Amino acid sequence: MRIIMKMIGNYIKHLPASNEPLSADVYLIDGDKYCYVYDVGNNDESLSIIEGISKDKVIILSHYHQDHVGNLDKLQFRELYVGNLTYETIGKGTVVEDSYMIHDGITIEIKHCPSPHVSGSLIVTINKEYTLIADLYFTRQVYDTALASEMLNTLESIDTKYFVVSHQVETSIFEKEYLISELKEYFNYEGK
Ligand SMILES: [Zn+2]
């Protein structure tokens, strides 16, 4: 099996999403002591790269959809961070209600972000440079306007240069200003 990983910056390894089976992007963030895994995917490629990590793993799940969490039960890990709805669905992990900071050679902030796509989502900012936001860029035709504006406010408040989005084909990395302006346009956001 040939697995093609990409690098994001110097310290994030990225396995892009697949469609058959539907499996979300997996990100490996290398700390001094632990390797931080953001979403575990739902295919064999994801499973084998995560199993191949030599350091102890800390897993962070963006949300409970199968393409993001499917491999979880097959994996061993030191710690698992989840949002409240993910906890209700999978029944394990430490719930991050608001924000949680980790210092391990790199600085990681795990943060709850409201979302019309799926509430209870967690996003991860690394060294104030990249913020991994999984599926927050996607939404449905019918969405909750209040949630959309809460999400925009949260994203605006994050001190990061880039947002990294799952399920993208061309590029996964968007400048903060660009992504927020696209989302505002999509939501016909008037501002508050
Ligand atoms: Zn997804």
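I began with contacts, and I call two residues in contact if their C-beta atoms, placed from the backbone, lie within 7 Å. Among contacts in the protein chain between residues at least 6 apart in sequence, I found that 48% join residues at least 24 apart.

Two reminders for myself. The model is predicted, so local features need pLDDT of at least 70 and side-chain atom pairs count only at pLDDT 80 or more, while totals for chains, interfaces and linings use all residues. Residues are numbered from 1 along each chain as its sequence is written.

**Overall build.** I counted five helices and 13 strands in the protein chain. Helices (H or I, at least four residues) and strands (E, at least two) are DSSP runs, numbered from the N terminus. The C-alpha trace spans about 50 × 35 × 35 Å along its principal axes. I then checked the radius of gyration, taken over C-alpha atoms, against the globule rule of 2.2 Å times the number of residues to the power 0.38. The protein chain has 16 Å, which agrees with the value near 16 Å for a compact globule of 192 residues.

**Burial.** I call a residue buried if 20 or more other C-beta atoms lie within 10 Å of its own, exposed if 12 or fewer, and partly exposed in between, with C-beta atoms placed from the backbone. Of the 192 residues of the protein chain, 39% count as buried.

**Helix 4.** Helix 4 (residues 145-157) has 13 residues and reaches 18 Å from its first C-alpha to its last, close to the 18 Å expected at 1.5 Å a residue. That expected span is 1.5 Å times one less than the number of residues. Which residues of helix 4 are buried? I found A148, M151 and L155. They cover an arc of only 60 degrees around the axis, so they sit on the same side of helix 4. The arc is that of the directions from the helix axis to the C-beta atoms. An α-helix has 3.6 residues a turn, so residues three or four places apart point the same way. The buried residues of helix 4 pack against strand 9 and helix 5 (176-187). Turned away from that buried side is a face with the exposed residues A146, E156 and S157.

I take two strands as paired if DSSP finds at least two bridges between them. Strand 5 (residues 56-60) pairs with strand 6 (residues 79-82) in the parallel sense over three bridges, and I60 has Y81 as its bridge partner in strand 6. Strand 6 also pairs with strand 7 (residues 94-95), in the parallel sense over two bridges. Here the bridge partner of Y81 is T94. Strand 6, helix 3 (residues 84-90) and strand 7 make a right-handed β-α-β unit. Right-handed means that, with the strands pointing away from the viewer, the path from the first strand over the helix to the second runs clockwise.

The peptide bond from E20 to P21 is cis, with omega near 0 degrees. I placed P21 in the loop between strand 2 (12-15) and strand 3 (26-30). A134, in strand 11 (residues 130-134), has a positive phi of about 50 degrees although it is not a glycine. Is A134 buried or exposed? A134 is buried, with 30 other C-beta atoms within 10 Å. H167 has a positive phi too, near 60 degrees, but H167 is partly exposed, with 18 other C-beta atoms within 10 Å.
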